[in-house]
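Trainee: I have a model open and want to go through its packing. Can we take it step by step?

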Amino acid sequence: MKTVRIGILGGGTVGSNVLTLLHQRRDLIEALGVNLQIAPVLVKNAKKPRPTTHPTATFTSDPQSVGAVDVLLELIGGTTQALELMLPHLQAGKPVITANKALLAERWDILKPYAQRGQIFFEAAVMAGTPVITSLTCTLRSSELFELHAILNGTCNYILSRMEEGAEYAEALEEAQAKGYAEDPPDLDVNGIDPGHKLCMLARLAVDADFKWASLEMRGIAGLTGATVREAVAHGKRVKLVGSLVPEGAVWKAKVRPVILDAAHPLAGSTASRNAIVLHGDASGTIVLQGGGAGGMVTASAIVGDLIAHLEGNLGHTPRATPTPARTDYTPEVFEEV
Ligand code: NAP
Ligand code: HSE
């Protein structure tokens, strides 16, 4: 058996469920010939009770106590300390697994070379447990994208679904926070920034490794009333927060905004915290993926999946090597904006 020591930064919604799932999947990991050793888990408050069933995990608020590890799981979020803690591991040539789309989107200038070397695994960062990142960095590499449209934020989708049922915005947001779906602060969700982070990463994998975060247009659902959402339903439609990557002239345009979809649209059936994506490509044709988009265990499933992929000898997720030109002879789908 080979001993692999893993460091886990963060023991919140995602980190606690990662610990639970690592314990549940211990036989599978041992079958790979790996004796997994978990370093003390880094948290802010080491005395806080943790909702994990892992029997032996310990917690620390001292980054030094994590010590040297073979693989680092970054699950604290944010764009400053997460980067500071992750960089020495990347610089030492070691792999990092992260769910942190904000960091990937906004500090790509620093992270891109490590991603190009296959040192960063980030399936959980976009659509949580729904495997869109591995699809784009593997199967869909043979196809040129025409356009994509996606529901990329579980919190907003949950709020919109609850508003359809009669809840008001503030009440639905509180519920989403209690379920562990929302960012800290939730403004990132409801103002469209979090789905913007995810759309930016999709663009870097699908069309251009140098896609600029500053070029995104983002508008969220804050300010939408229950009446607007329910009026759409009364007309056989649904309000959804959709991120789109489309050709506009000869350039790729990425935008997030609330739109009205026909109930039969492939994105319209995703309710609660679920996410969905529709991709149109030349060789691939049309692909629709739908699944869990937020929440502790669905996100942990992608993190532990990435860890197992690494233990099996696979490299991390790499950006596109050459840009895909935005086609001038293609007319993308247009939605009515709210
Ligand atoms: P969370 O519940 O707030 O957990 C964050 C954890 O990090 C907590 O354990 C916190 O410690 C610890 N932490 C935060 N700042 C720290 C610092 N400066 N030093 C040491 N520990 C620190 O957040 P989460 O929902 O698990 O999200 C974690 C990451 O996953 C984020 O990047 C998020 O965007 C991403 N993500 C979340 C979901 C989801 O559905 N929740 C889905 C996909 C991706 P304390 O517990 O002591 O406060
Ligand atoms: N806050 C995010 C969401 C978590 O609601 O989609 C998953 O990335």
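Mentor: Start with Tyr158, which is buried at a relative accessible area of 9% (buried means under 20% relative accessible area, exposed over 50%, partly exposed in between, with a 1.4 Å probe and protein chains only). The model is predicted, so local features need pLDDT of at least 70 and side-chain atom pairs pLDDT 80 or more, while totals for chains, interfaces and linings use all residues. Residues are numbered from 1 along each chain as its sequence is written, chains are lettered from A and ligands numbered from 1 in the order written, and side-chain values use heavy atoms, without hydrogens and water.

Trainee: Which residue forms an aromatic pair with Tyr158?

Mentor: The whole structure holds 2 aromatic pairs (ring centres of Phe, Tyr and Trp, the last by its six-membered ring, within 6.5 Å; planes under 30 degrees apart are stacked, over 60 edge-to-face, the rest tilted). In one of them the centres are 5.6 Å apart and the planes make 65 degrees, which is edge-to-face. The partner of Tyr158 is Tyr181.

Trainee: How many residues apart are the two members of that pair?

Mentor: Tyr158 lies in helix α8 (helices are DSSP runs of H or I, at least four residues, and strands runs of E, at least two, numbered from the N terminus). Tyr181 is in the loop between α9 and α10. Tyr181 is buried too, with a relative accessible area of 17%. The pair links distant parts of the chain, and the separation is 23 residues.

Trainee: Why do the buried residues of α12 lie on the same side?

Mentor: The buried residues of α12, residues 226-234, are Gly226, Val229 and Ala232. They share a side of α12 because the arc they cover around the axis is only 130 degrees (taken from the directions from the helix axis to the C-beta atoms).

Trainee: Which elements do the buried residues of α12 pack against?

Mentor: The face turned away from the buried side carries exposed Ala227 and Ala234. Contact here means heavy atoms within 4.5 Å. By that test the buried residues pack against α8 and β10.

Trainee: Over which ring does the charged end of Arg50 sit?

Mentor: The test asks for NZ of Lys or CZ of Arg within 6 Å of the ring centre and within 35 degrees of the ring normal. The charged end of Arg50 is 5.4 Å from the centre. The ring belongs to Phe59.
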